[in-house]
Amino acid sequence: MVNFKRIILITIYIICIAIPATAQDVGRNTYSPKIALKTNMLFDAAITPNLEIETTLGKQKRMSVMAEIWFPWYKTKSNTKAYEVNMAGIETRYWMSKQDISHPLLGHFIGLYAAVGKYDLEWDAKGNQGEFYSTGITYGWTHKLGRKLNIELSLSSGIAVGPYKHYEAKYEYQHLIYQYSKHWTYVGPTKAKISLVWLLGKSRKGDTK
């Protein structure tokens with residue numbers, strides 16, 4: 001079984017140690033790196049809360065690391081329907097064009113991601129509980145909307161695998177009776193994103209306000 005809380009803590013830890021490593025001096029002006037908070041508006045529209053954080057790496061900011069979580073957790077009072085998904089993922093990205101130090105994370109990029117998660121999907125007292133593991137590649141493009149805002153379009157493809165159990169809710173829907181267990185494998189598109197990107201962090205002296 002996946003220890004999901006541990007995965008979340010490890011993902012946050014990787015980001016925390018990456019952020020200080022990107023701090024640098026430009027002349028006499030020391031400034032913190034640009035950090036991006038993001039949300040996938042396609043998931044938001046599907047009532048799937050999600051959050052991403054991304055930070056650049058290196059002086060040229062041509063590399064970045066991104067961590068993301070999905071956390072919809074809905075269940076009806078009657079226990080006949082459920083939409084519960086927890087996912088944590090991390091992705092490293094290479095930006096194809098030279099980056100503006102004062103406004104990075106722009107242009108085309110390619111990435112390599114890995115993700116794990118668990119779910120409980122139920123409809124009319126029948127559902128599946130399981131876990132999944134996924135890895136693949138991402139291609140995307142980001143455009144500047146304003147001094148602190150970008151919009152990102154991306155598509156990921158890869159492989160996803162995992163075990164699951166099919167169940168039926170019985171006895172006034174208070175008990176789950178498992179019918180069978182299976183293992184599934186999927187190869188193809190895995191994620192599509194139209195993300196709103198909010199840049200955080202101090203700008204170096206002389207940047208346009």
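**Salt bridges, a nonpolar patch and a pocket**

A search of the whole structure, which is a predicted model, finds 12 salt bridges.

Reader: What makes K38 and E52 a salt bridge?

Author: The side chains of K38 and E52 meet at 3.4 Å, N to O. The cut-off is 4 Å between a side-chain nitrogen of Lys or Arg and a carboxyl oxygen of Asp or Glu, so the pair counts. K38 belongs to strand β3 (residues 35–40) and E52 to strand β4 (residues 50–57), so the contact ties together parts that are 14 residues apart in sequence. Both K38 and E52 are buried.

Reader: Why is the contact of E54 with R93 called a salt bridge?

Author: The closest N and O atoms of E54 and R93 are 3.2 Å apart. The limit is within 4 Å, so this pair also passes. E54 sits in strand β4 and R93 in strand β7, so the pair ties together parts that are 39 residues apart in sequence.

Reader: How do you know whether E54 is buried or exposed?

Author: E54 has a relative accessible area of 1%. Buried means under 20%, so E54 is buried. R93 also has a relative accessible area of 1% and is therefore buried.

Reader: Which salt bridge does R93 form with E91, and at what N to O distance?

Author: The side chains of E91 and R93 meet at 2.7 Å, N to O. Both E91 and R93 are buried. A network of salt bridges links K38, E52, E54, E68, E91, R93, E152, K191 and K193.

Reader: Where on the surface is there a nonpolar patch, and which residues form it?

Author: The patch consists of M41, L42, W141, L145, L149, L153, I194, L196 and W198, which together have about 750 Å² of accessible area. Two or more residues each come from α2 (41–45), β10 (149–170) and β11 (175–200). The largest share, three residues, is from β11.

Reader: Why is L153 called partly exposed?

Author: L153, in strand β10, has a relative accessible area of 36%. Buried is under 20% and exposed is over 50%, so 36% makes L153 partly exposed. Patch residues need over 30%, so L153 passes that cut-off as well.

Reader: What makes the lining of the largest pocket nonpolar, polar or charged, by class?

Author: The lining has 12 nonpolar, two polar and two charged residues. The pocket has a volume of about 320 Å³. Of its 16 lining residues, W70, F132, A160, W184 and T190 are the closest to the centre. The elements giving two or more residues to the lining are β5 (63–70), β7 (82–95), β8 (107–123), β9 (126–144) and β11.

Methods. Residues are numbered from 1 along each chain as its sequence is written. This is a predicted model: local features need pLDDT of at least 70, side-chain atom pairs count only at pLDDT 80 or more; totals for chains, interfaces and linings use all residues. Side-chain values use heavy atoms; hydrogens and water are left out. Patches are made of residues with over 30% relative accessible area and no salt bridge: like charges are joined within 9 Å, nonpolar side chains (Val, Leu, Ile, Met, Phe, Trp, Tyr) within 5 Å. Accessible areas come from the Shrake-Rupley method with a 1.4 Å probe; for residues, only the protein chains shown count as cover. Helices (H or I, at least four residues) and strands (E, at least two) are DSSP runs, numbered from the N terminus. Buried means under 20% relative accessible area, exposed over 50%, partly exposed in between (1.4 Å probe, protein chains only). On a 1 Å grid over the protein atoms alone, a cavity is a set of points where a 1.4 Å probe fits but cannot get out, and a pocket is an open set with protein on both sides within 12 Å along at least five of seven lines; lining residues have an atom within 4 Å of a point. Grid points are joined across faces, edges and corners, and a volume is the space filled by probe spheres set on the points. Ala, Val, Leu, Ile, Met, Phe, Trp, Tyr, Cys and Pro count as nonpolar, Asp, Glu, Lys and Arg as charged, and the others, Gly among them, as polar.
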